[in-house]
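Please walk me through this protein structure, one region at a time.

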Amino acid sequence: MFAKEIKKISKEIQNKLIEIRRKIHQNPELAFEEYNTGKLILNYLKQLDIEVTPEVAKTGVVGLIRGNQPGKTVAIRADMDALPITEENNCDYKSTIPGKMHACGHDAHVACLLGAAEILNRLKDKLKGNIKLIFQPAEEGVGGALPMIEEGVLDNPKVNACIATHVWSDIPVGQILVKRGPIMASPDDFEIVIKGKGGHGAMPHTATDPIVIGCQVVNVLQTVISRKIDPLSPAVISICYFHSGTCTNVIPDTAVIKGTARTLDPELRKRVANLIETTVAGIVTTMGGEYEFKYHYLYPPTINDNTITDILANAAVKIIGSNNLIWGNEPSMGGEDFAYFAEKVPSTFFRLGCGNQKKGIIYPIHNSKFDIDEECLSIGAAVLSQFSIDYLNT
Ligand code: NI
């Protein structure tokens, strides 16, 4: 139902979506600073006569389209924030702010959702149920999803299902990737402070060397994944920071080690956190030191609901054809705070192809040369719209 109309409207608004994306791209704003991006969204939705709530979780914006008949409510979420990177592309819509860039394509996500808003708004007389448009701040780092949920974004009307997309340059424009089950990992981090006893480098027996203890900790942590975790359950521990000492002949008092731990399963997540701490405790105390350990549970793993994912796959085929639908096998060990929405309501998160080898659009997200083939904007808008209508009709 509606696929023809959706495709027609998405083509009609394609240039407008490109214009919006470029405007946001030129004026990137970092996490919880998305004031102008929020204003642009607010004005666009108001122009369409869509009900809007600004300043949700500081800079977030929420729109609501009420269908002609009562029914369920589906939410579409787009993140809005840029990254602290200086853009190295030479296009005419390049970022105008040094040190800030939409290098993760969240400008494209906003344009796709505004496109879906326009398509669904034009069809609202024929809709059964509601569509909530969630423009979320601060996906990078601190996280805007949880504060939005805490401020009630999933209530009034109560949201029954949720969808979001992320541009992906490994996938050619025109295609999308869907996946059942886990799609993104929990990107937790941890900090270990090893306390020894400083002394002269010439007399190590009078000191307790935190660097040697730290080296053991780093080595043995490598065996947590390889020896303690089922090889068929993905998990990562990476030590990315090891700082200690000031010169060549002084054994320092402390060493500080930091890293990231990632899993795709809530139970395994807790187990990995415990294994890291017990490993640290065993080594440090055996070697005569003391330690402080902090583990930060950041975003949960993003786990797609199978039924919702199947509805998306069927909807996507109507827009892009079955040849352009990829069923993904492997999740990414990257993190994504859409996970909080997926924890609360059945949800699905899919990858929107934005790559184009011929045009040189090959750089990955978070790269200073990242770009998208803007053809993906109308495709994203159309797929999100078709999914929403199909879900409301289930
Ligand atoms: Ni991103």
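In this predicted model, 17 residues line the largest pocket. Which of them lie nearest its centre? They are Glu139, Glu140, Gly335, Glu336 and His366. The space in this pocket comes to about 290 Å³. Sorted by class, its lining has seven nonpolar, six polar and four charged residues.

Now take the second largest pocket. Its space is about 200 Å³. Here 13 residues form the lining, and Thr53, Val62, Lys132, Asp155 and Asn156 are the closest to the centre. Two elements each give two or more residues to this lining: strand 1 (51–56) and strand 2 (60–66). Strand 1 gives the most, with four residues. By class, the lining has five nonpolar, four polar and four charged residues.

The peptide bond that runs from Asn156 to Pro157 is cis, and its omega is near -10°. In general, most peptide bonds are trans. Pro157 itself is found in the loop between helix 5 (145–150) and strand 5.

Most residues other than glycine have a negative phi. Asp49 has a positive one, near 65°, and is not a glycine. Where is Asp49 found? It sits in the loop between helix 3 (35–47) and strand 1. Ala57 is not a glycine either, yet its phi is positive, at about 50°. Ala57 lies in the loop between strand 1 and strand 2. Are these residues buried or exposed? Asp49 has a relative accessible area of 65%, so it counts as exposed, the cut-off being over 50%. Ala57 has a relative accessible area of 4%, so it counts as buried, which here means under 20%.

Next comes the metal. Which residues coordinate the nickel ion? They are Cys104 through its SG atom, His106 through NE2 and His166 through NE2, at 2.2 Å. Along the chain, these donors follow the spacing C-x1-H-x59-H. Cys104 and His166 link distant parts of the chain, 62 residues apart. Cys104 belongs to the loop between strand 3 (69–79) and helix 4 (106–122), while His166 belongs to strand 5 (residues 161–172). Why does Cys104 count as buried? Its relative accessible area is 4%, which is under the 20% cut-off. His166 counts as buried too, because its relative accessibility is 3%.

Stay in the loop between strand 3 and helix 4, for Asp81 is found there. At 1% relative accessibility, Asp81 counts as buried. What does Asp81 touch, leaving aside residues up to four places away in sequence? Its contacts include Glu29, Leu30, Ala31 and Glu34. His102, His106, Pro137 and Ala138 are also among them. Glu139 and Glu140 are among the residues nearest the centre of the largest pocket.

How many cavities of 30 Å³ or more does a search of the whole structure find? The search finds one. About 30 Å³ of space lies in the largest cavity. It is lined by Ile76, Arg77, Ala78, His109, Cys112, Leu113, Thr165 and Leu384. Strand 3 and helix 4 are the elements that give two or more residues to this lining. Five of the lining residues are nonpolar, two are polar and one is charged.

Finally, step back to the whole chain. The domain assignment gives domain 1 (3–183 + 301–392) and domain 2 (185–296). Domain 1 is written as two stretches of the chain. How many Å separate the centres of the two domains? Taken over C-alpha atoms, the separation is 38 Å. The two domains are also in contact: nine residues of domain 1 meet 12 residues of domain 2.

Methods
Residues are numbered from 1 along each chain as its sequence is written. This is a predicted model: local features need pLDDT of at least 70, side-chain atom pairs count only at pLDDT 80 or more; totals for chains, interfaces and linings use all residues. Side-chain values use heavy atoms; hydrogens and water are left out. Donors are N, O and S atoms within 2.8 Å of the metal (3.2 Å for Na, K and Ca); water is not among the atoms, so sites may look incomplete. Buried means under 20% relative accessible area, exposed over 50%, partly exposed in between (1.4 Å probe, protein chains only). On a 1 Å grid over the protein atoms alone, a cavity is a set of points where a 1.4 Å probe fits but cannot get out, and a pocket is an open set with protein on both sides within 12 Å along at least five of seven lines; lining residues have an atom within 4 Å of a point. Grid points are joined across faces, edges and corners, and a volume is the space filled by probe spheres set on the points. Ala, Val, Leu, Ile, Met, Phe, Trp, Tyr, Cys and Pro count as nonpolar, Asp, Glu, Lys and Arg as charged, and the others, Gly among them, as polar. Domain bounds come from an automatic or database domain assignment. Contact means heavy atoms within 4.5 Å.
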